[in-house]
Amino acid sequence: MRAIERTFPATPMGGSQRPRVSNPSATATATLAIPLDGLTIAAPQPEMLSQKNVESVTGIPARVFLDTIRAPGFPLPVTKLGKLRLVQREAFVGYLQVLASGDPAPRRAVAADERTGVAAVLAAAGLEPVRQPRAGRASAPPEGTRRGRLPPK
């Protein structure tokens, strides 16, 4: 490419400051030297998150991501592609924001969904769930029960 250098005559004191161009469709080319550390190149965020890119996008380690999406009651659809697990980025970030807000409603909804699922399995087997009061200790038997003995005949 050949560089063309043009000189424009000095403008008169009261005259126009714009140089006159004889060809209005002419283009000017300039080369700028910009240091590489002066540039920031931003790639668009990925549509889907996987264990391979989740740390660079959200800062969450891959192990925490996998444990989160495998937890019972995880509300988002997970696409399995071999060993890769994919979740939509915007939905996952929204889910994390709900968890971070401290609102216990989504967690209660997950527990209710779990109870509903258990009730459905029991109903399919012809059984029904029985509510029992919680004991003070895990090893304490409920009131009125005896341990290790069969009822007399």
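This is a predicted model: local features need pLDDT of at least 70, side-chain atom pairs count only at pLDDT 80 or more; totals for chains, interfaces and linings use all residues.
**View 1. The whole chain at a glance.** Welcome to a protein of 153 residues, of which 12% count as buried. Its secondary structure comes to four helices and three strands. Among the contacts with a separation of 6 or more, 39% join residues 24 or more positions apart. The protein exposes about 13900 Å², and carbon and sulfur atoms supply 56% of that area.

**View 2. The three-stranded sheet.** Here you can trace an open sheet whose strands come in the order β1-β3-β2, with antiparallel pairing. At the edges are β1 (48-49) and β2 (79-81), each of which pairs on one side only. As a reminder, strands of a sheet pair through backbone hydrogen bonds, either parallel or antiparallel. Zoom in on β2 and β3 (residues 84-88), and you will find three bridges between them in the antiparallel sense. A handy landmark is L81, which stands opposite L84 in β3.

**View 3. Two helices against the sheet.** Helix α2 (residues 62-70) packs on the sheet, where it touches β1 and β3. The direction of α2 makes about 75 degrees with that of β3. Helix α3 (residues 89-100) lies across β1 and β3, and runs at about 75 degrees to β3.

**View 4. The buried face of α2.** Which residues of α2 are buried? Look for F65, L66, T68 and I69. Seen down the axis of α2, the buried residues fall within an arc of 160 degrees, so they line one face of the helix.

View 5. Is R89 buried or exposed? R89 counts as buried because its relative accessibility is 18%, and the cut-off for buried is under 20%. What does R89 contact, leaving aside its neighbours within four places in sequence? The partners to pick out are Q45, P46, E47, M48, L49 and V57. Of these, M48 and L49 bring us back to the sheet, as residues 48-49 make up the edge strand β1.

Definitions and conventions
Residues are numbered from 1 along each chain as its sequence is written. Side-chain values use heavy atoms; hydrogens and water are left out. Two strands pair if DSSP finds at least two bridges between them. Contact means heavy atoms within 4.5 Å. Axes are lines fitted to C-alpha atoms, for helices over the stretch in contact, and angles run from 0 to 180 degrees between N-to-C directions. Buried means under 20% relative accessible area, exposed over 50%, partly exposed in between (1.4 Å probe, protein chains only). The arc is that of the directions from the helix axis to the C-beta atoms. Accessible areas come from the Shrake-Rupley method with a 1.4 Å probe; for residues, only the protein chains shown count as cover.
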